[in-house]
Amino acid sequence: MNKASLDFERIYKSCPQICCFAPGRVNLIGEHTDYNGGYVFPCAINMGIYCAAAKRNDNALRFYSSEFPGDGIIEYRADDLRMKKCWADYPVSVIRSFAAFGYEMPSGADFLFSGDLPDGAGLSSSAAIEVVTGTVLRELFSVPVTNQETALIGQFAENRFIGVSCGIMDQFASAMGSKDHAILLDANTLEYSFAPLGDAAIVIVNSGVKHSLASSAYNQRRRECESAAGALKVPSLCSLSPDEFESRKMLITDDICRKRAKHAVYENKRAADAAAALLRGELDSFGALMNSSHASLRDDYEVSCEELDFLAGKAQEIPGVYGARMTGGGFGGCTVNLMERETVNSFITVIKSQYKERFGIDPEIYSVKAVNGAAICEM
Ligand code: GLA
């Protein structure tokens with residue numbers, strides 16, 4: 001039995017009826033482009049969240065997380081799903097969102113979550129809990145939703161009930177990932193294609209830094225982009241090519257908004273170019289685009305921090321590393337590093353010691369694989 005199912009039996013003193021898994025994601029390139037109608041290029045990773053669950057015959061919806069044992073079992077009534085300002089609001093938001101999408105919701109169920117995704121590290125623990133909840137609801141109560149709709153419901157839950165105006169990338173990657181592939185997603189149309197990762201190794205370094213203002217700063221970036229798009233009279237920034245942007249950018253009178261727009265427009269082009277480079281097997285070009293992406297996130301979008309700049313900068317100097325950049329929303333969290341397989345061990349040794357020496361923190365480092373999106377799994 002897997003850990004979630006074993007913990008379910010221990011906590012609820014009964015057997016689960018189902019277990020599902022939803023992966024976290026790492027974004028290779030295309031950062032802060034999704035809500036600007038542009039390309040993202042993430043992959044689902046072999047770290048994520050399991051959820052074991054069983055129906056109940058009463059009106060109780062009960063939630064337990066092996067990651068937050070101190071919180072105990074958190075209970076809601078099916079007819080009163082008001083937020084309680086705790087982690088269980090995430091799955092509850094998904095239940096409310098299923099109802100908002102017109103699906104009949106369970107009267108009662110027990111859920112147990114267990115996983116290995118670091119919380120708040122930019123690897124989409126929120127999306128994974130949303131998508132795993134959606135997958136469980138779909139399978140346990142035979143709700144006719146597709147994986148893609150599960151992603152959209154997860155995003156709706158986060159926008160409407162959690163209050164983060166996130167784009168679709170994280171939930172989409174968690175729901176739609178493909179083993180050994182990255183997903184090039186056009187966040188405007190939801191058209192997507194897969195690109196094989198080949199021999200390149202993906203290594204994630206967790207800076208261990210979390211910024212409490214990350215979600216308000218995220219929402220602020222989004223507003224700045226909307227204001228820039230309004231000044232340029234376009235529906236979204238990523239509908240512009242860099243040339244079109246250059247010829248019209250003076251219409252954006254606010255300097256900050258112009259910098260944000262510049263990042264979005266050029267990052268969108270970098271994401272499309274990077275996916276094409278990967279398909280041609282040109283890993284050096286791919287890496288160079290990752291490095292430029294980091295510089296743009298640091299200088300124009302201003303969502304990096306000293307620790308991420310240090311990690312990306314040091315990684316970019318190591319022979320065998322194609323490229324390195326911060327990944328996810330920013331303000332702390334992780335870097336993603338693409339390298340030759342033979343470089344992984346020495347990379348880990350060098351980065352660990354340099355980071356420790358500079359910041360006194362032992363960084364967690366994960367050498368990850370791209371995996372399939374959320375699905376039912378063995379109990
Ligand atoms: C967070 C959001 C995503 C995306 C990234 C930045 O992870 O959830 O939708 O906007 O930040 O690329």
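Here is a short walk through this predicted model, from its ligand to a pair of aromatic rings. Residues are numbered from 1 along each chain as its sequence is written, and side-chain values use heavy atoms, without hydrogens and water. Local features need pLDDT of at least 70 and side-chain atom pairs pLDDT 80 or more, while totals for chains, interfaces and linings use all residues.

Let us begin with the ligand. Residues near it, with a heavy atom within 4 Å, include Arg25, His32, Asp170 and Tyr218. Polar contacts are pairs of N or O atoms within 3.5 Å. A polar side-chain atom of Arg25 lies 3.1 Å from a ligand oxygen atom, and one of Tyr218 lies 2.6 Å from a ligand oxygen atom. His32 takes part through its backbone, with a polar atom 2.6 Å from an oxygen atom of the ligand. Taken alone, the ligand exposes 310 Å², and the protein buries 92% of that (Shrake-Rupley method, 1.4 Å probe).

Now to the aromatic rings. Rings of Phe, Tyr and Trp (its six-membered ring) pair if their centres lie within 6.5 Å; planes under 30 degrees apart count as stacked, over 60 as edge-to-face and the rest as tilted. This gives 17 aromatic pairs. One of them, Phe21 with Tyr50, is tilted, at 4.7 Å centre to centre and 50° between the planes.

Note on methods. A polar contact is a pair of N or O atoms within 3.5 Å; within protein, one must be able to donate a hydrogen and the other to accept it, and residues adjacent in sequence count only if both atoms are side-chain atoms.
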